[in-house]
Amino acid sequence: MTMTDSATATGTLPSDPESLVSPTSAASAASAPSVSFESPVASEVGGVFDALTTTDHKRIGRLWLRSSLLMLLAVAVVGVLLRIEDINSSPDDIFAGTNNYFQFFGLYRLGMVLLVVLPLFVGLATVVVPMQVGATNIAFPRAAHGAAWLFMIGAGITVVAVLAGGGWGALDGVSPSEADAIALTLVGTALLIGAIVVASVCVATTVVSLRTPGMNLLRVPLFAWSMLVAAAVWLLTLPLALGNLVLIYFDLRGGPGEFGNIEGSDAVFAQLGWLIEQPQIYALAIPVLGVFGQVAAVVAKRRHAQHAAAMALIGFFGLLSVGGWSQPWFQGDSHDEQFVFVVFGLSVALPVLGSVAAVAATFARPGADAAAALEPSLASLERTKKLNLAGLLSVHGLAAFAAVLVLLAATVAGLVRVVQPWDLGGRTTVTAVMNLVWFAALLAGIAGIWFWAPKIAGVLLPGGLGRSAIFNIALGAVLLGGADFVSGFFGAGALAYQYSAASVSLVSVPSNENLVEVMNACAAVGALLIVLGVLAVVAAWLKPQGNTETLSDNPFGGLTLEWATPSPPPLGNFLDAPARVVSEVPLLDSVNDTEEDS
Amino acid sequence: MITTTRFLPAQIYRPRSLLVGTVFGCAAAFMFFLSVVAVYVRERARARHEAMEWFAEGTVELGPSGFVFWTLVLSVFTVQWAVQAINAEDRVNAYVALALTTLFGVAIFNQLWFIINDTGFALAASNAEFLFFVINGTFIVFLIAAVLFITFTFVRALAGQFGPKRAEAVSAAALFWHTVVLMWAVVYFLVYINK
């Protein structure tokens with residue numbers, strides 16, 4: 001029996017994990033593999049054929065990520081145009097008519113959820129979660145692959161249908177062809193939701209049933225756990241939106257006209273509006289807490305001080321984000337006054353604050369069990385308890401902290417929004433919450449992409465572009481969210497509510513019109529900054545730094561199982577079966593155990 | 001110095017993933033169905049509140065829907081019989097049970113077709129009739145999916161698959177079947193009994 005066999009049998013990893021997992025180590029190179037793997041780099045050569053036939057979760061995840069980044073770019077540009085249009089309160093300057101404005105308005109809002117944020121996290125999870133739980137692939141890889149293509153087809157149909165005059169209703173009446181385009185938009189939206197539901201089943205099943213031996217649920221990494229919670233919430237709520245769409249579609253195609261009324265009405269969009277409002281909007285941000293907890297612990301070079309508590313907080317946050325019950329067909333316009341709605345709104349900041357406190361405890365923790373074993377140079381760092389500034393200033397560190405701060409701002413804005421005496425329900429305060437949540441999720445997605453880039457694509461992404469993206473998106477989110485929040489207090493109506501009351505006028509007259517116009521200008525600047533940030537992300541994705549030859553398997557000192565795979569990971573992910581997991585940081589504890597044994 | 005001397009793929013480890021995935025899928029399917037039923041209940045409550053007639057007298061009969069319900073109850077036993085038989089390596093009983101369940105599914109489809117035709121409803125006539133069509137239509141879609149799942153499992157069983165420690169697919173098909181039965185229990189109570 002080799003020493004590796006022995007280590008695996010006793011549930012430990014060798015003291016130098018690079019020697020075990022690095023495909024470039026001399027020892028590894030000397031021993032020719034008895035089972036040949038498809039080279040990860042060579043496998044890219046397949047191109048379109050591979051994209052159509054692959055069952056490798058990393059390639060499937062990349063399909064999701066590329067699609068969502070492409071959609072992000074398009075949706076962000078639409079967002080800028082809408083914000084510029086808002087400055088002078090007229091829908092006719094850029095979009096040439098109320099209907100056009102409304103179509104793109106719907107595309108931006110529902111697109112940020114269904115075309116950008118959800119697929120971004122689904123893609124990240126599809127790549128990372130199987131490796132984190134020690135699995136060789138995602139559960140139901142063919143279904144996961146089908147879901148990715150269903151998403152792309154749905155996205156294409158939705159965008160084309162909107163450009164053809166569709167959308168989610170029409171304020172100025174519709175022609176027969178526009179009615180068909182609206183029906184097509186509904187089909188596209190249903191496909192998007194269906195794809196995300198199927199992918200969620202794959203991710204959740206991976207976490208529940210494909211964990212490596214020894215990894216009980218309490219030992220699951222925080223990101224994988226957050227994706228399990230998120231997938232569960234999405235599976236319980238997104239089908240409700242699918243039910244809405246089925247009723248609307250069949251009503252539109254020959255029903256009594258009660259549910260799918262599109263003529264001169266925003267009823268269809270308003271019905272789906274619960275997807276982008278409190279409390280459901282927070283369901284997008286569940287993985288933010290997972291990314292934050294995991295990245296922060298790696299940045300701190302310490303074991304997460306409150307892993308179990310962080311898991312509980314993520315679960316609590318997920319519980320508070322279940323919002324299908326608040327849809328207009330069930331609640332009318334009265335959900336603002338409901339006890340549950342107010343309690344959810346007041347409580348949702350608590351798990352975010354708790355997650356921040358748990359990470360603060362991690363940074364304050366003495367380094368007795370920290371990652372010094374992995375990197376001897378860190379031993380002195382642990383003794384002096386200094387902050388790991390390099391880690392904090394890394395792209396993933398900055399993005400994770402920015403994401404959680406923006407999410408905290410969103411929950412505080414949401415808290416203010418449910419306070420009844422202020423009556424902010426129909427104001428732009430609602431828009432502020434949704435914008436802040438979207439961009440918190442986007443920042444967390446960026447943190448995840450930069451952090452796991454060695455595992456996603458076998459590269460390191462450039463730090464300069466990453467920091468530029470974070471700066472622009474975080475500042476843009478604050479400007480957008482802050483401007484809408486302030487405008488809401490001065491009576492500016494959230495557009496979605498305004499034209500349902502009077503379709504002639506798109507914007508209400510606020511009590512302080514000049515201030516609101518200044519705020520709208522700030523929001524337009526914010527939207528522009530976000531586009532610049534997105535361009536930086538796309539540029540970094542297209543031109544990564546470094547090459548596969550010299551890339552370390554664990555460049556950031558991660559302690560979870562995905563860092564025991566080569567960069568990029570081969571088919572099957574692990575060169576050898578992962579050792580039996582004994583804690584939530586398998587690399588660290590395995591190393592320590594081995595040293596104790598020796 | 002510890003070195004790696006073997007390159008082997010990680011162990012393929014799939015403990016009951018099909019069953020777990022089916023649980024998640026069933027939860028999503030049931031929520032989808034409930035969302036449509038919830039709209040039905042809300043619309044009916046609104047009609048009652050406004051003292052409007054919901055279904056015209058004599059249009060929605062309890063008898064045929066009761067046949068559907070009791071046939072489905074019977075199929076719950078046959079599908080569990082299949083699971084038990086596969087676990088006991090009793091293939092003949094498993095084949096009979098799966099065939100009976102498939103047959104019950106087809107019979108229920110036939111009964112539902114009769115019910116829908118018997119009402120004489122039109123899609124655009126009223127909210128009540130529209131929702132009746134959508135709920136029953138949605139149920140039929142899930143029923144067809146369940147029958148296909150059972151049939152596929154049956155064919156695989158005929159091909160020699162499954163056994164005492166490999167009955168996961170049969171259990172998963174049974175779970176989906178039970179979910180569909182539960183859907184009809186909800187419809188039967190809310191639409192047919194409590195008109």
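## A walk through the predicted model

Leu69(A) makes contact with Val537(A), Val538(A) and Trp541(A), leaving aside residues up to four places away in sequence. Leu69(A) belongs to helix 5 of chain A, which covers residues 57-87. How far apart are Leu69(A) and Val538(A) in sequence, and how far in space? They are separated by 469 residues along the chain, yet their C-alpha atoms are 7.0 Å apart. Leu69(A) has a relative accessible area of 6%, so it counts as buried, the cut-off being under 20%.

Before going further, let us look at confidence. Chain A has an average pLDDT of 82, and 81% of its residues score at least 70. Residues 1-45 of chain A have a pLDDT below 50, although in the model this stretch has 91 contacts beyond near neighbours in sequence. Residues 376-384 of chain A also fall below 50, and that stretch has 14 such contacts. Where pLDDT is low, the predicted coordinates should not be read in detail.

The largest nonpolar core has 245 residues, and the members that touch the most others are Trp64(A), Trp234(A), Trp438(A), Phe439(A), Phe139(B) and Trp184(B). Helix 6 of chain A, residues 98-132, gives this core its largest share, with 23 residues. Let us pick out Trp438(A) and see what surrounds it. Apart from residues up to four places away in sequence, Trp438(A) touches Tyr108(A), Arg109(A), Met112(A), Val113(A) and Val117(A), and its contacts also include Ile276(A), Ile281(A) and Leu284(A).

Helix 18 of chain A is worth a visit too. It runs over residues 395-417, and at 1.5 Å a residue its 23 residues should span 33 Å; the C-alpha atoms at its ends are 32 Å apart, in agreement with that figure. Is helix 18 largely enclosed or largely open? Of its 23 residues, 17 are buried, so the rest of the structure largely encloses this helix.

Thr565(A) sits in the loop between helix 23 (513-542) and helix 24 (586-597). Thr565(A) is buried, because its relative accessibility is 0%. A polar atom of the Thr565(A) side chain is 2.6 Å from the backbone oxygen of Glu562(A).

Finally, we turn to the aromatic rings. Over all chains there are 36 aromatic pairs. One of them joins Tyr40(B) and Phe55(B), a tilted pair with 6.4 Å between the centres and 35° between the planes. Tyr40(B) lies in helix 1 of chain B (residues 17-49) and Phe55(B) in the loop between helix 1 and helix 2 (62-87), so the pair ties together parts 15 residues apart in sequence. Both partners are buried: Tyr40(B) has a relative accessibility of 0%, and Phe55(B) has a relative accessible area of 10%.

Phe55(B) also pairs with Phe121(B), this time stacked, at 5.4 Å centre to centre and 25° between the planes. Phe121(B) is in the loop between helix 3 (91-119) and helix 4 (127-158) of chain B, so this pair ties together parts that are 66 residues apart in sequence. Phe121(B) is buried, with a relative accessible area of 10%. These rings belong to a cluster linked by ring pairs, whose members include Tyr40(B), Phe55(B), Phe121(B), Phe139(B) and Trp184(B).

Note on methods. Residues are numbered from 1 along each chain as its sequence is written. Chains are lettered from A and ligands numbered from 1 in the order in which they are written. This is a predicted model: local features need pLDDT of at least 70, side-chain atom pairs count only at pLDDT 80 or more; totals for chains, interfaces and linings use all residues. Side-chain values use heavy atoms; hydrogens and water are left out. pLDDT is the predictor's confidence in each residue, from 0 to 100. Contact means heavy atoms within 4.5 Å. Helices (H or I, at least four residues) and strands (E, at least two) are DSSP runs, numbered from the N terminus. The expected span of a helix is 1.5 Å times one less than its number of residues. Buried means under 20% relative accessible area, exposed over 50%, partly exposed in between (1.4 Å probe, protein chains only). A nonpolar core is a set of buried Ala, Val, Leu, Ile, Met, Phe, Trp, Tyr and Cys residues joined through side-chain atoms within 4.5 Å. A polar contact is a pair of N or O atoms within 3.5 Å; within protein, one must be able to donate a hydrogen and the other to accept it, and residues adjacent in sequence count only if both atoms are side-chain atoms. Rings of Phe, Tyr and Trp (its six-membered ring) pair if their centres lie within 6.5 Å; planes under 30 degrees apart count as stacked, over 60 as edge-to-face and the rest as tilted.
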